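The sequence and structure are shown first.

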Amino acid sequence: MSSEFLETTVDKFIFRVKVGYLYNEAGVWVAYDPAHGTARVGLTDFRQQASGDVAFVDLPAVGTQVAAGGDLVNIETIKVDLTVPAPFGGEVVAVNKGLDETPELINQAPYGDGWLVELKPEQWPAEGLLDAPAYLAVMQAQAEAEAAQ
Amino acid sequence: MSKRVIIVPCSGIGKTYGTVTREAAYQVAEELRPETTAIVPLSLLVLGDEGARAAVQGAQVITMDGCSLACATLNVRQAGGAVAKDFTVLDAFRRNKALKPRGISELNEGGQALARVLADEIAQTTDELIAGGVDHA
């Protein structure tokens, strides 16, 4: 296992959690950049695998203000229509335009080129985010519950 | 020896996108190009059925995959077949956003329309493959 990621196996699926990122229980990761005061946001490996191949991504406009838990990004996959909640309140300062042409980046590189948006938080640190080990435990429980269905 | 173009759809039973591929395959083989195509069930290739393996070996094969695992394409190649063209439901859906497939045993209107789009594309590809020199029955 790479030290860059924590990893767990549930049923036949392997899920990775990137060390150094923060997470919420909805499967959204946050990478804060203190130099710019912004945070890049994306879907976790578990959430993208559980949601299936991405067909379309509806990104917010730059400048949009979002509240914590509010609708941030809409993703349509072969399985579900998924609304990604904002992990904290703030302003959208950038979006991943590459997803317009290649939405599958969310599946192929969830912690990298498949990022969704960059937010300028209303306050930092944001409340309620988990570090990688804590999210791994939450995610494992979610994955086991889904596997048992 | 004359050969038909072989169509191998996804076997994702219980999956909407798998159902779209199978519906499209039936439309091509039974309605649009019955004289020049034949379906080989992916399940037989997975089980190593000799008849199914022989059918894809040496034939021009069109695969239809329901998801990125691409089981149809992978299993045709593992069986020694050459994939002339691979269609994916996801790509077809991206080109036709209004045709959102739903349902499993019975597709919704969007799924049926998407299957028709795929079927028409496969029929066209079949014609091109045959025009390219493949004999057919």
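## Hairpin of S4(A) and S5(A)

In this predicted model, the hairpin formed by S4(A) and S5(A) has four residues between its strands, and Gly37(A) adopts a positive phi near 70° there. The two strands, S4 (residues 28-33) and S5 (residues 38-43) of chain A, are antiparallel and paired through six bridges. One of the bridge pairs joins Asp33(A) to Thr38(A) in S5(A).

## Hairpin of S3(A) and S4(A)

S4(A) also pairs with strand S3 (residues 22-24) of chain A; this pairing is antiparallel and comprises three bridges. Tyr23(A) has Trp29(A) of S4(A) as its bridge partner. Three residues lie between the strands of this hairpin, where Gly27(A) has a positive phi near 85°.

## Helix H4(A)

Helix H4 of chain A covers residues 132-148. Its 17 residues should span 24 Å at 1.5 Å a residue, and the end C-alpha atoms are 24 Å apart, so the two values agree.

The buried residues in H4(A) are Ala132(A), Tyr135(A), Leu136(A), Met139(A) and Ala143(A). Viewed down the helix axis, the buried residues fall within an arc of 100° and therefore line one face of H4(A). Among the elements that cover them are strands S1 (5-10) and S2 (13-18), S3, and helix H1 (45-51), each of chain A. On the face turned away from the buried side, Ala137(A) and Ala148(A) are exposed.

Methods: Residues are numbered from 1 along each chain as its sequence is written. Chains are lettered from A and ligands numbered from 1 in the order in which they are written. This is a predicted model: local features need pLDDT of at least 70, side-chain atom pairs count only at pLDDT 80 or more; totals for chains, interfaces and linings use all residues. Side-chain values use heavy atoms; hydrogens and water are left out. Two strands pair if DSSP finds at least two bridges between them. The expected span of a helix is 1.5 Å times one less than its number of residues. Buried means under 20% relative accessible area, exposed over 50%, partly exposed in between (1.4 Å probe, protein chains only). The arc is that of the directions from the helix axis to the C-beta atoms. Contact means heavy atoms within 4.5 Å.
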